[in-house]
Amino acid sequence: MKKVYVKEEVCVGCRLCEVYCITSHSKYKDVLKAYKLEPQRPTPRIVIEENRPVSFSLQCRHCDDAPCVKSCITGAMRKDPLTGVVTCDTDKCVGCWTCVLVCEFGAIIRDVNNKVASKCDLCAEAGEPACVKNCPNEALVYSEGGISV
Amino acid sequence: MRIVIIGNSVAMVGAVEAIRKYDTSSEIVVISDETYHVYSRPLISYYLGNLVSEEKMIYREKDFYRKNKVETVFGIKAISIDERKKEVHLENGDSISFDKLLIATGGKPIIPPVEGLNKKNVHTFIKMDDAKKLKEAAKPGSKAVIVGGGLIGFKAAEGLHHLGVDVTIVELADRILSTILDAEGASLVSQSLQNDGIKIITGTTVDKIIGDEYVKGVLLKNGKELEADNLIIAIGVVPNVDVVRNTSISINRGILVDNTMKTSVEDVYAAGDVAEGYDMLVESNRVVPIWPNAYMQGEIAGYNMIGINKSFKGIFPMNSIGYKNTNMITAGITNPQQEEFEIISKIDHNRRSYKKFVVKENRLVGFILINDIDRAGLFTGFIKNEMDITPFKKYLLNDDFGFIYLPKESRKAKMLDLEVV
Amino acid sequence: MSLSYLTPEFKVLRDYDKCINCKVCMRQCSFEVHSYDEDLDKMVSNDMNCVNCQRCVLLCPTQALTIIKHPQTFKEHANWTYDAIRDIYRQAETGGVLLSSMGNDRPYPVYWDKMVINASQVTNPSIDPLREPMELRVYLGRKPDRIEIDENLNVKTKMPPQLKLETPIMFSAMSYGSISYNAHAALARAAEELGILYNTGEGGLHKDFRKYGKNTIVQVASGRFGVDREYLNTAAAIEIKIGQGAKPGIGGHLPGEKVSEDISATRMIPSGSDAISPAPHHDIYSIEDLAQLIYSLKEATDYQKPVGVKIAAVNNVAAIASGIARAGADYIAIDGFRGGTGAAPKRIRDNVGIPIEFAIAAVDARLRSEGIRHTVSLVAAGSIRNSADIVKAIALGADAVYIATAALIALGCHMCQKCHTGKCNWGIATQDPNLVKRLNPEIGYKRLVNLVQAWSHEIKEMLGGMGINDIESLKGNRLMLRGIGMTQKELDILGILAAGE
């Protein structure tokens, strides 16, 4: 399946991926409105690691054998059998953080405001992940089966 | 082919989902003494504390059995197995024959031999019915004594506290959560409970239950007496192996299984809290009664029952639990006493955070994270993949620890799905 | 510390209705203009540091930023201008030589803009390049006096080594050190894709780029950095650098702190040591000395590679070029006074040298008059801004042009002229690994390819308009140009007629 991969060599550490991730998961889908109007801005669904000069963002790998899905105590974490996308049903999630415990990528983020797991859904609604679309240096790519650098 | 599964919890779901991925024709029969649609056992404390509704405890959609073509035999207990005739006997006298059998009967509470157990409002706390009964009995302002400060007792305490019950935990060990936490960790967590008025009494246990028809209190072994309207026995669970007694299926503490989840008898499998499988850290068989383990073992059993050879790499204990805003994640060996283990730890009282890593021969074998739990899975991964942590060991305690501290090549291999040579 | 008299050159306008405190600007500014003030819960700017590179403007997700020329002014004075006064303040504060970068920014006349190109009407029909073949390929190098062919029309004459260019454009010398690894990667890859050449500059050839050898010109300059037999033989051609348009007559100095491990290996000097290019080559004090170096290099490469000489355009450029041609150079690159640089004393940059337009016309005329034009190719450099400049340069007598500033602009340069600080926010003129990675060579090389292809299309259009189907037929064809607004003397030097003549 197509996943988001990072070419850390050309990640400029601007964190626009985070800005657009928030925007993409906001009510308004508009940067300005997401930041200015939403009383509680969405939690970003990506992890950014930085230890200058190296930086990169990391998104859920949507593992074939996703441990978060198997370990979820409520059944909130599901892998779509057709698209392979792993999503968290935040209505079911109780914030037990078992997924945080088992995700080897550390790619599941705790939305502490809502006490639910927050994770990359590949911007399922928009078609293309917002972080990839808005990366100013093409450091993020949306591709099938890994990348070679 | 008919596959019979005894037990209707997560190991069953793991098995059914694995089977139906490849096999849509075999018959699947699930037997359970409970009558509920498959629900989440770990959520009973949330249900008790009114944090989730009964509706939300459903672990898989309403059409789970229909969609997966599963025949259910609910509300009837399987009492014995005839492994030669390949039959399961039910308490109503019926028998169900099988080609493959999965025993996923879970655990049952340990009941200590104490006087007065037959009084009303003495509870256990592992099933839905336990939670319902307790919720009914626990009135706001009433007093409850929980015997056992382990995972079950801890979660029961939280649920009861949410209901406005005055809770006292009585723990025989010198600290609560002694199986997963060390003294530092336990003291941090205890503090959160005590700040909310939950009392913790350690180093003793119940000697006698006081009361007439109903529980009125307990007498502790240290001579102290506690008032109690409800008493919750939460000492622990043991594998529920009743159904395999008097069979040739080998049992130690639990039903012994190999890495395909097969028992000592052909075509009979076991998974979940009833099974005693391989623990990769202690390098021997062990019962690891945790939810993720049950799913994964069930899944492996499912595959193998339909002839798909998959083996289980092994498991190790891991838990993510919390009390209100105190969250903790632990895995593996967390409190070793032997000298061969190296301990790397940091406690921050201001942030109420604690991090402890247990290292053996350049491998991470366990950790405790309290309140700083983000990205805990990275460490679980290091344990599971038996990674040599030498290159980044000195950074483990960093607040921003992540792949960034790994050598570039291993980081990229991991993140980019590259083939690791 | 006493009061500095310098005021900010630019002003950052932040639209607080649009600013979302995302701090992207802060993270991207190497000059530390932007910061977040926790007490105010606002982003704030230090205008004093702003160089107007516009990195923040372009990365701001809400277009909240605009940078304007600072309105702060002095009492108007035609002689004591803003720049004149500021330069004095700066020198009075530091006691140092003023440094600057990129090309001469003074308002000298741009002669390209005073020349117009001819087009055919009726009598000599124009050609549609989309329908008919159009040849832009050129060969640089010495051409024989005559060519003999056999009965099968094969050339019998032994040809001196030639450089084949699919379009008459090359990327001129920019050293690894003055520009980043990623910038070199983009240039090299683009040159390969385009069938042209790029030039290593005087900083040696990084081992990673040896694979682009057939599209590489290696330089031998006064510092002789990175020169060894393998370096020379890897390349398609060798260029002796005598001078540079932005700083004729002076050498160069790469401070030790910029000589990283990688640069040290490439330049073959100890890491951390200053890389000094002396003003002259200490073994060249005459044309004969130059001839000796040219032939040493030819000898080292078995006479298989063209050897060129690059000079700055200065007063006696025609005579100098004639000497270079006679010394055995296969091509001469002439760099005009608007040519760029990674660092140069401002006064030199702004006051030394002559425009490339005059230099190329004078050199071409002189070599023709001496009957040796065919013995050497001419490359015009120093502020080629667009395809029309190229057409004009070739009509004035160039065989091809070098572009550098234009290439850097294609890569993201915003002409802030702060290369010498090493803090290039676009990852071009910097060795800071935090900044270098901002230039993604994958993107960069495509942009370069696009630019050169676009210009090539335009050149074909202009050629077609003139009724010419081969760029070689335009070379030195000054009848295709006319001058506007020039003195007779200027027209004479350029060898062109006035518009209307």
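This is a predicted model: local features need pLDDT of at least 70, side-chain atom pairs count only at pLDDT 80 or more; totals for chains, interfaces and linings use all residues.
Among contacts in chain B between residues at least 6 apart in sequence, 63% connect residues at least 24 apart. Chain B contains nine helices and 26 strands. Buried residues account for 50% of its 421 residues.

I turn now to the overall dimensions of chain B. Along the principal axes, the C-alpha atoms of chain B occupy a box of roughly 70 × 60 × 40 Å. How does the radius of gyration of chain B, 23 Å, stand against that of a compact globule? For 421 residues, a compact globule would have a radius of gyration near 22 Å, so the value for chain B agrees with that expectation.

Next, the domains of chain B. The assignment divides this chain into domain 1, covering 2-108 and 238-305, domain 2, covering 122-235, and domain 3, covering 325-415. Between the C-alpha centres of domain 2 of chain B and domain 3 of chain B the distance is 31 Å. These two domains do touch: eight residues of domain 2 of chain B and eleven residues of domain 3 of chain B take part in the contact. On the domain 2 side, the residues comprise four nonpolar, two polar and two charged.

I move on to the contacts between chains. Two pairs of chains are in contact, and of these, chains A and B share the most contacts. Chain B contributes 35 residues to that contact, and chain A contributes 28 residues. Which elements of chain B each supply at least two residues of the side that touches chain A? They are the helices α7 (291-305) and α8 (376-384), together with the strands β22 (318-323) and β23 (326-332). By class, the side of chain B that touches chain A consists of 21 nonpolar, eight polar and six charged residues.

Chain B and chain C, by contrast, have no contact with each other. Their closest C-alpha atoms are 15 Å apart.

Finally, I come to chain C itself. The domain assignment gives domain 1 at 10-96, and domain 2 in two segments, 138-146 and 166-498. The centres of these two domains of chain C, taken over C-alpha atoms, are separated by 34 Å. In the contact between them, nine residues of domain 1 of chain C meet seven residues of domain 2 of chain C. The domain 1 side of that contact has four nonpolar residues, four polar residues and one charged residue.

Conventions:
Residues are numbered from 1 along each chain as its sequence is written. Chains are lettered from A and ligands numbered from 1 in the order in which they are written. Domain bounds come from an automatic or database domain assignment. Ala, Val, Leu, Ile, Met, Phe, Trp, Tyr, Cys and Pro count as nonpolar, Asp, Glu, Lys and Arg as charged, and the others, Gly among them, as polar. Helices (H or I, at least four residues) and strands (E, at least two) are DSSP runs, numbered from the N terminus. The radius of gyration is taken over C-alpha atoms; the globule rule is 2.2 Å times the number of residues to the power 0.38. A residue is buried if 20 or more other C-beta atoms lie within 10 Å of its own, exposed if 12 or fewer, and partly exposed in between; C-beta atoms are placed from the backbone.
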